[in-house]
Amino acid sequence: MAMKVKVLLSSVLVLSMTWLASCGGHYHCGTTFGGSSCTTGTTTTSSNANAFAYAVDQSGTMDGYALNATAATFGPVSTYVAPTIPTNKGGVGAVVAQGKYLYAVFQDVQQIYGWSIDSSGNLTALTGFPLSLPSLSGISDFSYNQQVVITNPAGTLMFISDAANEEILVYQISNTGALTAATGSPFSTSFASLSPQNMGMDGLGRFLYVSQASATHSGTTVVGYSVSSTGSTAGQLTLIQGSPFNAPLWEMQGDASGNYLIGISGKVEDLYGSDDNSLYVYSINQTSGALTAAGSPTATVYAPFNIAMQPSSVNGEFVYSFSLKDTGTATNPIEGYKLDPTTGALSLVAGSPFTITTPTAFGQFDQSGSYLFVYSSPASSVSLGVVNVASSGALTETLPAATLVTGGYFAASDVP
């Protein structure tokens, strides 16, 4: 297995450098290493903000943006003082926990940066950060918005996958934002023959599902773990009986009810050589965490490259699929589907596919599920837009996107 991992990661690194060093005409170039390539837009007042977004600026700062729906503005926070981060590093993931703590993981310097978020959107470094990590030689940083750094729904645990070392790092997140390695972390995945990459959890945070690392953006099997939530043992991982499951998943996310896992194989023409126009739904055994296909795959118009699952089930449960044209040089409209939490069936949202102003292959919700933040990285510029989500699941983009200084991972947050 070790030799296979080394060969695989060599391919991953080649692909990473192709995408990250230069756009090369492709839309999905992800992070573009180097200096600023564009300028930010008009500053936005953070008073009465509805949500914030934070993006890695490879010039060496964590940039902040505010959405003010009443004033109809979205742009850099006017009173914001950007904290310093490593330069020329796009990071490998950024997450918000408990609605008030922001973390960014930088593989190259082996550190996690952490900040508290105030009601004005300002960031204050948490005590003890940046936090040094064990040796992480294989966090995959290609394919933007991969789920290689995630938290549980409650924001009390952080998971980081390390493909080369065949392990998953788990940290407990305290109510002060402090990180403590879970007992037994890092957890070896070698006995499950897994080089971990993308991760997803059920909506109740009881089970963790992990896909196999792949240089072709494709998944064939999933390994599942039950996650302890009890006191000092919180975050401990136990392999679910029956793993690995024969589920063709590359990226996956749990629905709010905790009953289903929705995912995609990730197979697209530009990377894999053929398209898989499908969304897959698996029912989750509430006791064991075992996965069972919930009917046949749902046919999509385009081959999904990434997905975003609405975290709230107030108005139903919606999943959105983002895709690239087969040449990889442009994007398709966003597709929306509503999940029936009783049967697991997916139905097309009226008006889908949705054409918005910001061309995007990556989306992320704020914690309330009211806004869908979309990342755009064509060769000429990088931007972040905000899409309104109606109670019907319909999408509209009414505000201009904010132009980012450089490419980099981002995270959306509700107002604390």
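This is a tour of one predicted model, stop by stop, with what to select and what is there.

**Before you start**

The model is predicted, and local features need pLDDT of at least 70, side-chain atom pairs count only at pLDDT 80 or more, while totals for chains, interfaces and linings use all residues. Residues are numbered from 1 along each chain as its sequence is written, and side-chain values use heavy atoms, with hydrogens and water left out.

**The whole chain**

Show the protein chain as a cartoon: its secondary structure comes to 1 helix and 32 strands, where helices (H or I, at least four residues) and strands (E, at least two) are DSSP runs numbered from the N terminus. Of the 416 residues, 59% count as buried; buried means under 20% relative accessible area, exposed over 50%, and partly exposed in between, with a 1.4 Å probe and protein chains only. Among the contacts (heavy atoms within 4.5 Å) with a separation of 6 or more, 57% are between residues 24 or more positions apart.

**Strand 10 and its two partners**

Select residues 157-162, which make up strand 10; 6 of its 6 residues are buried. With side chains shown, Leu157, Phe159 and Ser161 point one way, whereas Met158, Ile160 and Asp162 point the other way.

Isoleucine 150 has phenylalanine 159 as its bridge partner in strand 10. The two strands form a hairpin with 5 residues between them, and in the turn glycine 155 has a positive phi of about 75°.

**Aromatic pairs**

Colour the Phe, Tyr and Trp rings next, since rings of these residues (for Trp, its six-membered ring) pair if their centres lie within 6.5 Å, with planes under 30 degrees apart counted as stacked, over 60 as edge-to-face and the rest as tilted. The whole structure holds 11 aromatic pairs. One of them joins tyrosine 65 and phenylalanine 74, a tilted pair at 6.4 Å centre to centre with 45° between the planes; both residues are buried.

Move on to tyrosine 103 and phenylalanine 129, whose ring centres are 6.0 Å apart and whose planes lie at 50°, so this pair is tilted. The pair links distant parts of the chain, with tyrosine 103 in strand 5 (residues 101-106) and phenylalanine 129 in the loop between strand 7 (123-125) and strand 8 (131-132), 26 residues apart. Tyrosine 103 is buried at a relative accessible area of 1%, and phenylalanine 129 counts as buried at 16%. Finally, select Phe305, Phe362, Tyr375 and Phe410, which ring pairs link into a cluster.

**Glycine 64**

Glycine 64 lies in strand 2 (residues 61-68) and counts as buried at 4% relative accessibility. Leaving out residues up to four places away in sequence, glycine 64 touches Ala53, Tyr54, Gly75, Pro76, Val77 and Tyr80. Draw a distance from its C-alpha atom to that of alanine 411, which is 347 residues away along the chain, and the separation is 9.9 Å.

**The largest pocket**

Select Gln147, Thr151, Gln253, Pro311 and Phe365, which lie nearest the centre of the largest pocket among its 42 lining residues. On a 1 Å grid over the protein atoms alone, a pocket is an open set of points with protein on both sides within 12 Å along at least five of seven lines, and lining residues have an atom within 4 Å of a point. The pocket holds about 950 Å³ of space, a volume being the space filled by probe spheres set on the points, which are joined across faces, edges and corners. Strand 4 gives the most to this lining, with 5 residues.

**Glutamine 310**

End in the loop between strand 23 and strand 24 (317-322), where glutamine 310 lies. Glutamine 310 is buried, with a relative accessible area of 8%. Leaving aside neighbours within four places in sequence, the contacts of glutamine 310 are Gly316, Phe318, Phe365, Gly369 and Val389.

Notes:
Pairing = 2+ DSSP bridges. 1 Å grid on protein atoms, 1.4 Å probe; cavity = no way out; pocket = protein on both sides within 12 Å on 5 of 7 lines; lining within 4 Å.
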